[in-house]
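Subject: Structure handover

Hello,

Here is the structure I promised you. Please open it next to this email and follow along.

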Amino acid sequence: QVQLVESGGGLVQAGGSLRLSCVVSGRTFSSCAMGWFRQAPGKEREFVATISRDGSNTNYADSVKGRFTISRDNAKNTVYLQMNSLKPEDTAVYYCAARETSGLYYTITYYSRYDYWGQGTRVTVSS
């Protein structure tokens, strides 16, 4: 059974930083494109960032470009989201997602294309 477990959320002041982690088990992590999504209260889940199997390709939502960085460590079965210069509007539950793909450089921005999801970690940014 595939499990994705996020951690690293919390309460931070505006302008601060957090690093989220997501550990994947039950699948060959290196065969998965990975993504981060978020859902704020009363809003739909939205794309944040994605990274290809080998880590060479990344894509970001315009709202986080230049502030967030997605990375992965295939030896540790872990994907990270480094979040800097946080804003109150970044407050949300953050989810990581995985999809097995044959494309080594493939990134996925649509949530419907992901097969596996974590339970989410809450990030609250105070003003």
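Start with the S-S bond of Cys22 and Cys96: its torsion is about 40 degrees, so the disulfide is right-handed. The two sulfur atoms are 1.9 Å apart. A disulfide here means a pair of cysteine sulfur atoms within 2.5 Å. In general, such a link is a covalent bond between the sulfur atoms of two cysteines. The search of the whole structure found one disulfide.

Before you go on, a word on the source. This is a predicted model: local features need pLDDT of at least 70, side-chain atom pairs count only at pLDDT 80 or more, and totals for chains, interfaces and linings use all residues. Residues are numbered from 1 along each chain as its sequence is written, and side-chain values use heavy atoms, with hydrogens and water left out.

Back to the cysteines. Cys22 and Cys96 link distant parts of the chain, 74 residues apart. Cys22 sits in strand 3 and Cys96 in strand 9. (Strands are DSSP runs of E, at least two residues, numbered from the N terminus.) Cys22 is buried, at a relative accessible area of 0%. Cys96 is also buried, at 0%. Buried means under 20% relative accessible area, with a 1.4 Å probe and protein chains only. What about Cys32? Cys32 is in no disulfide. Its nearest cysteine sulfur belongs to Cys22, 10 Å away. Cys32 is buried too, with 1% relative accessibility.

Now strand 3, residues 18-25. Strand 3 runs antiparallel to strand 8 (residues 78-83), and six bridges join them. Leu20 has Leu81 in strand 8 as its bridge partner. Two strands count as paired if DSSP finds at least two bridges between them. Both strands belong to an open sheet of four strands, in the order 1-3-8-7, with antiparallel pairing. Strand 1 (3-7) and strand 7 (68-73) stand at the edges with a single partner strand each, so one side of each has no neighbour in the sheet.

Next, strand 9, residues 92-100. Seven of its nine residues are buried, so strand 9 is largely enclosed by the rest of the structure. Which strands pair with it? Strand 4 (residues 32-39) runs antiparallel to strand 9, joined by eight bridges. There, Met34 stands opposite Ala98. Strand 11 (residues 121-126) is also antiparallel to strand 9, over three bridges. Val93 has Arg122 as its partner in strand 11. Strand 10 (residues 116-117) pairs with strand 9 in the antiparallel sense over two bridges. Ala98 meets Tyr116 there as its bridge partner.

Best wishes

Definitions and conventions
Buried means under 20% relative accessible area, exposed over 50%, partly exposed in between (1.4 Å probe, protein chains only).
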